[in-house]
Amino acid sequence: MAKEQLNPLVQPDTEGFFGKHGGKIDHPDLVAALAEIEAGFRSIVGDSEFIAEMKRLQATYVGRPSPIYHARTLSKRGAQIYLKREDLNHTGAHKINHCLGEVLLAKKLGKKKVVAETGAGQHGVALATAAALLGLECEIHMGVVDIAKEHPNVSRMKILGAKIVPVSEGAGTLKEAVDSAFRAYIGNWEQSMFAIGSVVGPAPYPEMVSYFQSIIGSEAKEQFQQQYGCLPDEVVACVGGGSNALGLFNAFLDDDGVRKVGVEPAGEGLDKPGRHAATMTLGKFGKIQGFNCYYLQEEDGTPAAVHSIASGLDYPGVGPQHCHLKDLQKVDYETATDEECLAAFLTLSREEGIIPALESSHAVAYALRRAAELPADKHILVNLSGRGDKDVDYVLSKIEL
Ligand SMILES: *Cc1c(COP(=O)(O)O)cnc(C)c1O
């Protein structure tokens, strides 16, 4: 099976920086806690027993490797479109890749519990799943507004045995949930581990999560070469925090002939502040929730309101490795609007019989646009990060069929 390895371009320096982005926690109560996680992470990377256990669960529990599928009907527009089917993983998305790694690490560190925030509930469900599998307690902090909105995922977490902590401060959404989860973690870090949901946050999270997600790209590169005898011309993924995109891009960072494209949500339009979440395109450099990155900000530097039709993409910041890759011009960042995303959601459902997550539909939307610009002998590989069952009621409330 393909081997995970992080390209040096997305490995941090000793202070946790990728160029000027990233960094270590400066909260005095968390320095020791995150140092312990970092040391634990360094030890498992070289631990053949740990890796063997992770590989066993990836194959027999998650269902890896996920296939690459040639979408022939979609491809009638021009270039050939292929899908890396992360939607076929157990729990229906790529998030199980890093949740499995994080919970295995928590167990190795002797922790009883994993603690995390969740917005739409996707990270919470994946973490609750891995915790159930490995016999750890799971505590998920979630804003009261999100709890009301994302009822099916709340039910799934409860059934899986997770404890939900409702957060009613402020707007009652993701940002307050993060603060609440961190507070709970500070009070009990010796017994628990904070398990973050993307390649964001202070060191070691961006490096650790991208390491666990790099299985996507290492599998995809090997599969593509085996199935089609070449590398794709372009690899495309949606970018929220950036974990599924980095997981795919990592394997191709030294292949200059392979264009890497991250697709951000343009929401209702890039000209409407507060109604998009195009962080890489319009964000400014600064510090948000313990790390440096480009983020959408108000005049005074506070994080701006953001919007995307895909709740997994509406975060004002983005992972530090992506910011660094943008500075190095190694990855291009493009956008897709809510409207294009909905159209792509329906197109993939009706032309190929695959209902994609609204998050993933942003990558599909860009690929459809791009395929029409390229000749039929070019190959575009799209990371289909998740399935869209969670989104069907919402989509039907937006469009009449
Ligand atoms: C959470 C989520 C995303 C966004 O997260 P990244 O860290 O940017 O990958 C994308 N797709 C799906 C299906 C998700 O659940």
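Student: How many residue pairs are in polar contact between domain 1 and domain 2?

Tutor: The count is 4 residue pairs in polar contact between domain 1 and domain 2, both residues at pLDDT 80 or more. Keep in mind that this is a predicted model.

Student: Which helices supply the side of domain 1 that touches domain 2?

Tutor: Helix 3 (95-108), helix 4 (122-134) and helix 7 (174-187) each give at least two residues to that side of domain 1.

Student: And how many salt bridges does the rule find across the interface of domain 1 and domain 2?

Tutor: The general idea is that side chains of opposite charge can pair when their charged atoms come close. Across the interface of domain 1 and domain 2, though, the rule finds 0 salt bridges.

Student: Where does each domain lie in the chain, then?

Tutor: Domain 1 takes in 27-50 + 95-205, and domain 2 takes in 61-92 + 214-397. Over C-alpha atoms, the centres of domain 1 and domain 2 are 24 Å apart. In contact with each other are 19 residues of domain 1 and 25 residues of domain 2. Together, domain 1 and domain 2 bury about 1600 Å² between them, with 62% of it on carbon and sulfur atoms.

Student: Which three residues supply more than any other three of the area that domain 1 buries against domain 2?

Tutor: Ile96, Asn97 and Val199, which supply 32% of that area.

Student: Which strands pair with strand 14?

Tutor: Strand 4 (residues 80-85) pairs with strand 14 in the parallel sense over 6 bridges, with Asn383 as the bridge partner of Lys84. Strand 9 (residues 234-238) also pairs with strand 14 in the parallel sense, over 3 bridges. There, Val382 is the bridge partner of Val236.

Student: Back to Lys84. With which side chain does the side chain of Lys84 meet in a salt bridge?

Tutor: With that of Glu219, at 2.7 Å, N to O. This pair links distant parts of the chain, 135 residues apart: Glu219 is in helix 9 (residues 215-228) and Lys84 in strand 4. Both partners are buried: Glu219 has a relative accessible area of 3%, and Lys84 has 0%.

Student: How many salt bridges does the structure hold, and which residues are linked in a network of them?

Tutor: The structure holds 27 salt bridges. Glu234, Arg259, Asp332, Glu334, Arg370 and Glu373 are linked in a network. Asp332 is in strand 13 (residues 332-337) and Arg259 in strand 10 (residues 259-267), 73 residues apart. Asp332 is partly exposed at 32% relative accessible area. Glu373 also forms a salt bridge with Arg370; Glu373 is exposed at 53%, whereas Arg370 counts as buried at 18%.

Conventions
Residues numbered from 1 in each chain as written. Predicted model: local features only at pLDDT ≥ 70, side-chain atom pairs only at ≥ 80, totals over all residues. Heavy atoms only, no water. Pairing = 2+ DSSP bridges. Helix = DSSP H or I, 4+ residues; strand = E, 2+ residues; numbered from the N terminus. Domains from an automatic or database assignment. Contact = heavy atoms within 4.5 Å. Buried area = accessible area lost by both parts, 1.4 Å probe. Salt bridge = Lys/Arg side-chain N within 4 Å of Asp/Glu carboxyl O. Polar contact = N/O pair within 3.5 Å; in protein donor to acceptor, adjacent residues only side chain to side chain. Buried < 20%, exposed > 50% of the residue type's maximum accessible area, 1.4 Å probe, protein only.
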